[in-house]
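Subject: Structure handover

Hi,

Here is the structure we talked about. My notes on it follow below.

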Amino acid sequence: MTDERAGLPSASSMDRVVNCPGSVAAEAAAPPSEPTAVSAFGDRVHEALEIQDATGLELTEQEVALRLDDLETMAVQEWVTANAIQERPKPVREERNWVRDLMLQPIASAKIDVGYVGAETALVLDFKSGFLMPTPSHRNWQLRTQAVAVWREHPYLQEIWVGIAGNRLSDRLDLTRYNATELQFSFYEIRHALWRAAQPGATRVAGDWCKYCRARATCSEAAYYAVWIQIIGENKDLTAVQMKEVWQRSRVVDSIVEAIKTRLKELGTGPLNLIGLNLKPGASVRKADIDKTYAILIEAGLITDAEFRSCCQLGIGKVQEIAVPRLRAKNPEINTKALAIQELDRILDPAITRSRNKPSLEVL
């Protein structure tokens with residue numbers, strides 16, 4: 001398969017390249033990442049935005065795509081108004097731009113979700129459909145690299161707006177402007193970061209950026225980082241601030257440990273036995289057909305109808321998947337999934353017992 005990045009660092013990895021120069025060489029020897037449910041969700045939403053057609057998406061995906069489309073409209077309006085643009089440029093979607101050195105040779109790239117390039121100014125938006133809160137735009141290396149890539153492709157631009165549009169849980173628009181001087185300085189910073197990464201024995205530095213590094217399973221710095229966080233977390237004298245720091249980094253630690261477990265399993269039984277490990281067979285999973293189970297037990301006289309019903313647990317989420325589209329079809333005035341869920345909740349209220357899970361932590 002042809003690498004559209006031409007084997008060069010891309011904007012999405014630039015935060016890691018800047019903070020951990022040695023990760024570039026480490027990733028080059030690591031296997032490709034397996035897609036996750038969240039990444040697959042994001043790919044489908046991005047594709048719908050690229051072709052401007054969300055009809056093939058599931059309901060949740062459609063709503064995220066439509067929300068992101070609304071945020072794009074807001075950002076474009078703000079950009080057009082601030083720059084007194086008379087004729088709005090046509091959008092360019094999913095186009096790869098290149099950061100080129102002074103000899104115009106590509107050294108990195110940035111695939112733009114959507115961009116509007118005018119006579120002197122441009123707007124670049126990065127769509128986010130995951131759950132995690134992205135780094136703010138003014139210190140986001142992905143956005144900075146996108147701005148530099150667009151500027152190197154269109155060197156006449158005097159200003160570039162970059163922004164983050166949304167995430168799964170909120171409508172969020174975060175915009176930052178780079179003037180010509182700031183673009184020049186950012187270009188030099190990116191060149192320096194790439195030069196550092198290209199040096200033999202480039203330093204590896206573990207941190208939050210390890211979460212998405214393909215080499216995290218075999219990286220000693222990542223392992224030390226994970227162990228250090230766990231050891232610190234066991235210290236009973238931590239301050240509240242220190243406990244917060246450990247908690248916030250726990251996702252990175254979990255990601256590192258899971259990657260190590262995956263790589264160990266890939267070694268196979270023989271190599272694992274040599275280091276004192278073994279592949280334990282997975283537990284057997286049983287799934288019963290409700291109708292057949294009911295018929296067999298009732299016929300055998302082993303259970304009553306009321307007792308069988310008490311064994312069954314109703315999945316509200318599954319009920320919503322089936323009932324919400326039908327509710328919207330029967331009631332055109334219920335024009336969003338959120339309103340349909342509220343109405344279904346009202347209808348089912350007599351049959352529902354409500355409780356609350358334990359409280360969870362969130363960042364203010």
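Is Asp349 buried, partly exposed or exposed? Asp349 is partly exposed, with a relative accessible area of 38%. Its side chain meets that of Arg354 in a salt bridge, 3.0 Å from N to O. Please keep in mind that this is a predicted model.

Salt bridges

The count comes to 15 salt bridges. One of them joins the side chains of Arg93 and Glu72, at 2.8 Å from N to O. Arg93 lies in strand β1 (residues 92-100) and Glu72 in helix α4 (residues 59-82), so this pair ties together parts that are 21 residues apart in sequence. Both partners are on the inside by the numbers: Arg93 counts as buried at 16% relative accessibility, and Glu72 is buried at 3%.

Glu189 and Arg144 form another salt bridge, with their closest N and O atoms 2.7 Å apart. Here helix α6 supplies Glu189 and helix α5 supplies Arg144, so the link spans parts that are 45 residues apart in sequence. Glu189 is partly exposed, at 37% relative accessible area. Arg144 counts as buried, at 16%.

There is also a network of salt bridges that links Glu4, Arg96 and Lys111.

Nonpolar cores

The largest nonpolar core has 29 residues. Those with the most contacts inside it are Met14, Val99, Val150, Ile160, Val162 and Leu194. Elements that give two or more residues to this core include α1 (14-19), β2 (106-117) and β4 (159-167). Helix α5 gives the most, with 7 residues. Leaving aside neighbours within four places in sequence, Leu194 is in contact with Pro9, Met14, Val17, Ile107 and Ala108. A second, separate core has 15 residues, among them Ala75, Ile85, Tyr116 and Leu125.

Surface patch

Leu267, Leu274, Ile275 and Leu277 make a nonpolar surface patch of about 430 Å². Leu274 sits in helix α9 (residues 269-274). Leu274 is exposed, with a relative accessible area of 78%. In soluble globular proteins, nonpolar side chains tend to be buried together.

Cysteines

The disulfide count comes to 0. Cys210 is buried, with a relative accessible area of 7%. Cys311 is in no disulfide either. Its nearest cysteine sulfur, that of Cys312, is 6.5 Å away. Cys311 is exposed, at 59% relative accessible area.

Best wishes

Definitions and conventions: Residues numbered from 1 in each chain as written. Predicted model: local features only at pLDDT ≥ 70, side-chain atom pairs only at ≥ 80, totals over all residues. Heavy atoms only, no water. Disulfide = S-S within 2.5 Å. Buried < 20%, exposed > 50% of the residue type's maximum accessible area, 1.4 Å probe, protein only. Core = buried A, V, L, I, M, F, W, Y, C linked by side-chain atoms within 4.5 Å. Helix = DSSP H or I, 4+ residues; strand = E, 2+ residues; numbered from the N terminus. Contact = heavy atoms within 4.5 Å. Patch = residues over 30% accessible without salt bridge, like charges linked within 9 Å, V, L, I, M, F, W, Y side chains within 5 Å. Areas by Shrake-Rupley, 256 points an atom, 1.4 Å probe, with all protein chains shown as cover. Salt bridge = Lys/Arg side-chain N within 4 Å of Asp/Glu carboxyl O.
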